[in-house]
Amino acid sequence: MGQGPEIWIRGPVAVPEAAPPEPAPARAAARRFSWVGLHGGAGVSTLAAVYGGHDSGRAWPGPAGPPSVLLVARTHAAGLDAVLPAVDTVRRGEAPQGLDLDAVVLVADAPGRLPRPLAHRIRLIESVIDVYRVPWVNEWRLGDLTGRPPRETEPLARLVGATR
């Protein structure tokens with residue numbers, strides 16, 4: 001016959017204890033970075049103002065500066081030419097001890113698409129290190145740093161823990 005399993009209950013049924021509350025997920029503190037420009041006018045001061053972090057200018061951060069480094073260059077030929085030698089300097093151990101090179105940030109030198117030879121140089125750089133791109137922002141050129149950063153820079157904002 002089609003009977004189900006027999007269920008026997010012995011004694012009172014206890015109400016299950018409530019599980020202890022789950023700990024709140026740990027929130028990592030925003031990681032501090034030192035922005036290091038590879039040439040004059042790379043955009044280090046603007047990036048530090050918009051995304052936070054330490055403006056190292058064109059020098060390696062000192063002992064008081066955050067050891068996580070983001071190298072910054074413009075997307076013009078001279079800027080791109082400065083990137084790989086700087087990356088090699090860090091990899092050869094010729095940069096100050098204790099620095100951690102996290103990525104390269106390339107800031108657009110003009111509005112619009114890059115010429116093919118410059119785009120090719122960027123692909124070469126991307127083959128050796130993580131690259132974050134910052135598009136041309138006319139408001140930044142005019143000194144207005146109050147607006148939201150461009151949507152294209154969300155990966156960079158996540159990297160540096162910027163909350164604007």
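The legends below describe several close-up views of one predicted model.

Local features in this predicted model need pLDDT of at least 70 and side-chain atom pairs count only at pLDDT 80 or more, whereas totals for chains, interfaces and linings use all residues. Residues are numbered from 1 along each chain as its sequence is written, and side-chain values use heavy atoms, with hydrogens and water left out.

**View 1. The overall fold has five helices and five strands.** Helices (H or I, at least four residues) and strands (E, at least two) are DSSP runs, numbered from the N terminus. Along the sequence these elements follow the pattern β-α-β-β-α-β-α-β-α-α. Of the 164 residues in the protein, 35% are buried, where buried means under 20% relative accessible area, exposed means over 50%, and partly exposed lies in between (1.4 Å probe, protein chains only). Among contacts (heavy atoms within 4.5 Å) between residues at least 6 apart in sequence, 68% join residues at least 24 apart.

**View 2. Five strands form an open sheet with parallel pairing, in the order S2-S1-S3-S4-S5.** The edge strands, each pairing on one side only, are strand S2 (54-55) and strand S5 (131-134); two strands are taken to pair if DSSP finds at least two bridges between them. S1 and S2 pair in the parallel sense over two bridges, while four bridges join S1 to strand S3 (residues 68-74), again running parallel. Strand S4 (residues 100-107) is mostly covered, since seven of its eight residues are buried.

**View 3. Ser34 is placed in strand S1 (residues 34-37).** Because its relative accessibility is 0%, Ser34 counts as buried. Both faces of S1 are covered, with Ser34 and Val36 buried on one side and Trp35 and Gly37 buried on the other. The bridge partner of Ser34 in S2 is His54. The side chain of Ser34 reaches the backbone oxygen of Pro66 at 2.6 Å. With neighbours within four places in sequence left aside, the residues in contact with Ser34 are His54, Ser56, Pro61, Gly65, Pro66, Ser68, Val69 and Leu70.

View 4. Gly57 counts as partly exposed because its relative accessibility is 26%. When residues up to four places away in sequence are not counted, Gly57 touches Trp35, Val36, Gly37 and Val44. Gly57 and Gly40 are separated by 17 residues in sequence and lie 8.4 Å apart in space, C-alpha to C-alpha.

**View 5. The largest pocket has a volume of about 240 Å³.** A pocket is defined on a 1 Å grid over the protein atoms alone, as an open set of points where a 1.4 Å probe fits, with protein on both sides within 12 Å along at least five of seven lines; lining residues have an atom within 4 Å of a point. Grid points are joined across faces, edges and corners, and the volume is the space filled by probe spheres set on the points. The lining of the largest pocket comprises 16 residues, of which Ala108, Gly112, Arg133, Val134 and Pro135 lie nearest its centre. By class, this lining has 10 nonpolar, two polar and four charged residues, where Ala, Val, Leu, Ile, Met, Phe, Trp, Tyr, Cys and Pro count as nonpolar, Asp, Glu, Lys and Arg as charged, and the others, Gly among them, as polar.

**View 6. Two arginines, Arg113 and Arg158, are exposed.** Arg113 is found in the loop between S4 and helix H3 (116-126), and counts as exposed because its relative accessible area is 82%. Arg113 and Pro135 are 22 residues apart in sequence and 9.8 Å apart in space, C-alpha to C-alpha. Arg158 belongs to helix H5 (residues 154-160), and its relative accessibility of 59% is why Arg158 counts as exposed. From Arg158 to Tyr51 the separation is 107 residues in sequence and 9.8 Å in space, C-alpha to C-alpha.

Definitions and conventions. Polar contact = N/O pair within 3.5 Å; in protein donor to acceptor, adjacent residues only side chain to side chain.
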